[in-house]
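Please report on the ligand site, the metal site and the aromatic pairs of this model.

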Amino acid sequence: MTKNAADPNVVLFFDTTLRDGEQSPGATMSSAEKLEIARQLARLGVDIIEAGFPAASPDDLAAVQRIAREVGTPDGPTIAGLARAVERDIRICWEGVRDAAKPRVHTFLGTSDIHLKYQTGLTHAQALEVIRNMVTLARSLCEDIEFSPMDAGRTDPQFLIDVCALAIECGATTLNIPDTVGYVTPTEWYETISTLIAETPGGGVGSGVVWSVHCHNDLGLATANTLAGVKAGARQVEVTINGIGERAGNTSLEEVAMALQTRAPFYGLQTHINTREIVKTSRLVSNYTGMHVQANKAVVGANAFAHEAGIHQDGMLKNASTYEIMTPESVGWTQSRLVLGKHSGRHALKVRLEELGYDLDKEQLQQVFERFKVLADAKKNVTDADLEALMTDELARPQEYFKLEDMQVVAGTMGMPTATVKLSTAEGETIIQAAVGVGPVDACFKAVDSVVRLDNTLIEYNVHSVTEGIDALGEVTVRISTPDGKRSFGGYGADKDVIVSSVMAYLAALNRMIAGIGLGEKKPEGDAATVAIQR
Ligand code: KIV
Ligand code: ZN
């Protein structure tokens, strides 16, 4: 089966985690992190990766170019970039994607009366003129053109048909219909998409045009609306991992993929998604963005396959199909298999990591091996889940302006929680600071603050254990924001000691903040108890 062909039996997955997903408050990712996610999306089997918005900044352009060159191989996914319907955006977008074996330019214009009146000030006739000129320009550069009439969910139905017909006439090959503000309901959306396919000149069944749906989750209906669009004939779905995106987010890839697979007799459609890669992709995105996945999230939440009630457990013991409509393994939840222990060597670790899909160079292997040894000393059995957490921690680590060398914490019911941290800088300095706090984590963060001296607000702190048992690895995700709350940054840490994980996660977020805004705003000196500074 050829990928991206307009096959009526296949639903194409267009992943926009790196573009619409990155627009979630605080989900900013570095270029290296985006590349790592793009590689994982390719392993997951998505058909099209929207790698970014190249005209937004030189960094965005560079990230899209890198993904186009390294992930957009002939047997890899199509690489798309987003562009407003303006000449500069379209030309920069083409520069971003042109090195991919299968490049796509995705251009859009708001078409609802609300967007036309308040955003662009265009009349219907002027909007049609812009679409004519810009889709024609895009098509002169690239063969694969996607056009989106933004806020289609609130666009006049006849005008929407006129817009789509014109975009097709000017060379658009995919017509993506966005419910930009998450306003529509499934039955309405079914009607909208069926009518568009039936009545748009040049867009009917057999025309070769791919109809696509792009839904937002403001009313919690994104997945339902997307599936209604598919039932109506859409053969591309625009989705993000974990449903991250503007405001309440976009449609979740994992929910749509599993609905199509689990209810295959109802939909009668295939996908190219390798569902066993879902959990791994979800964790990678969560850890890079610092956006924790809620426990009851469908498919990828920690409780998605947990059974608490006695009657449910009883049923599960008799036959799993009593309370499970899909198996945890089918989406990549691994059983906590016992794999390695303290006597396992570097080679065994390498082999197991390769089996789990991690290909490390010598230096990376050495680094992970050292951490594995420390873990195996403290924990009898190191499971696949432990290894995945260690690897995510290694891969999710941003450029380290400050690195944790050592730390010590005193806490309990007597006295004040006190932490001492020893950090090294990229220039090779070593700095030791200590601080007291309301608890051990607070004391640690204050000690780190007195070294890093970067004003920020802690807006989220989550801790959970990787496996069961008292000796489980503890994973921590944190999110911090600039004092004005305008930008936020996430961090992830995994260690057998949750206080150490906390400091690692906090430092990862601070390092991302430094990469994002620099070390400009320093705190006044002496706001934490300074015990010693060694340089
Ligand atoms: O939600 C939206 O309308 C978008 C478009 C740019 C496709 O993200
Ligand atoms: Zn969107």
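## The shell around ligand 1

By class, three nonpolar, six polar and two charged residues make up the shell around ligand 1. Nonpolar here covers Ala, Val, Leu, Ile, Met, Phe, Trp, Tyr, Cys and Pro; charged covers Asp, Glu, Lys and Arg; the others, Gly among them, count as polar. The residues in question are R19, D20, H106, F108, S148, M150, N176, P178, T180, H214 and H216. A residue is near a molecule if one of its heavy atoms lies within 4 Å of it.

This is a predicted model: local features need pLDDT of at least 70, side-chain atom pairs count only at pLDDT 80 or more, and totals for chains, interfaces and linings use all residues. Residues are numbered from 1 along each chain as its sequence is written, chains are lettered from A and ligands numbered from 1 in the order in which they are written, and side-chain values use heavy atoms, with hydrogens and water left out.

## Polar contacts and burial

Alone, ligand 1 exposes 260 Å², and the protein buries 95% of that. These areas come from the Shrake-Rupley method with a 1.4 Å probe.

Strands β4 (103-110), β5 (145-150) and β6 (174-179) each give two or more residues to the shell. Strands are DSSP runs of E, at least two residues; helices are runs of H or I, at least four.

## The zinc ion

Ligand 2 is a zinc ion. Its protein donors are D20 (OD), H214 (NE2) and H216 (NE2), at 2.0 to 2.1 Å. Donors are N, O and S atoms within 2.8 Å of the metal (3.2 Å for Na, K and Ca); water is not among the atoms, so sites may look incomplete. Along the chain the donor spacing is D-x193-H-x1-H.

H214 and H216 are both buried. Buried means under 20% relative accessible area, exposed over 50%, and partly exposed in between (1.4 Å probe, protein chains only).

## Aromatic pairs

The model has four aromatic pairs. Rings of Phe, Tyr and Trp (its six-membered ring) pair if their centres lie within 6.5 Å; planes under 30 degrees apart are stacked, over 60 edge-to-face, the rest tilted. F445 and Y461 have ring centres 6.4 Å apart and planes at 75°, so this pair is edge-to-face. F445 sits in helix α16 (residues 440-452) and Y461 in strand β14 (residues 457-465), 16 residues apart.

F445 is buried, at 6% relative accessible area. Y461 is partly exposed, at 32%. Together with Y506, F445 and Y461 form one aromatic cluster.
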